[in-house]
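Hi everyone, thanks for coming.

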Amino acid sequence: MYVIAGLGNPGRKYENTRHNVGFDVIDLLAEQYNINMNIKKHRAVCGTGVMEGVKALLVKPQTYMNLSGESIASILDFYKLDADRDLIVIFDDISLEPGRIRIRQKGSAGGHNGIKSIIACCHSSGFSRIKIGVGEKPLGWDLADYVLGRFSKEERASVDGAVSDACKAVGYMINGKTDQAMNMFHVKKQE
């Protein structure tokens, strides 16, 4: 079984913010694969189903971004899953322009507090991840204010495309085709 976790912050206040694009991907996956997000366990909202012939658990941690790892580690422990093999994490990245996605099979936190938390709590940095570009913060802006802010209309249209691409990439990744997803989606957005 794959755990597919989208990072974000719970509550209406944070809906549609840059920091919540991971939640946006989970919502779209749940809609596309008809997965009911009705399980509230492990300090997360979850839903189980079958995606591309593979059993999956969609996860939206409710611990707030900086403690995402507590929820995800609890889930992996409960189901006796391995972060390096069974986990895909989807989150925002300020170093990518809106509309770009970047897929990685492992890596550092890159300054992202949600990823730092997952690495610390799961004792691993070898899990797969999909980064969704939200754009660089403008000069003089506070980072927290920027990532907790909302997109312009133009940015939102680009980000919606990236959310859709991320859903397609997940389909490849859970079937062992991460390299193919990387080739397809990295090249596509550079053209």
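Before anything else, a quick definition: two strands pair if DSSP finds at least two bridges between them. The helices (H or I, at least four residues) and strands (E, at least two) are DSSP runs, numbered from the N terminus. Now, this is a predicted model, where local features need pLDDT of at least 70, side-chain atom pairs count only at pLDDT 80 or more, and totals for chains, interfaces and linings use all residues. Residues are numbered from 1 along each chain as its sequence is written, and side-chain values use heavy atoms, with hydrogens and water left out.

Okay, the hairpin. Strands β3 and β4 make one, with two residues between them, and Glu 52 in that turn has a positive phi of about 50°. β3 (residues 44–51) runs antiparallel to β4, and eight bridges join them. For instance, Val 45 has Lys 60 as its bridge partner in β4.

What about β1 (residues 2–6) and β4: parallel or antiparallel? They run parallel, joined by four bridges, and Val 3 is partnered with Leu 57 of β4.

β4 itself (residues 54–61) is mostly covered, with seven of its eight residues buried. Buried here means under 20% relative accessible area, exposed over 50%, and partly exposed in between, using a 1.4 Å probe and protein chains only. Across the protein, 53% of the 191 residues count as buried.

Zooming out, you get seven helices and seven strands in total. And along its principal axes, the C-alpha trace spans about 45 × 35 × 30 Å. That's it from me!
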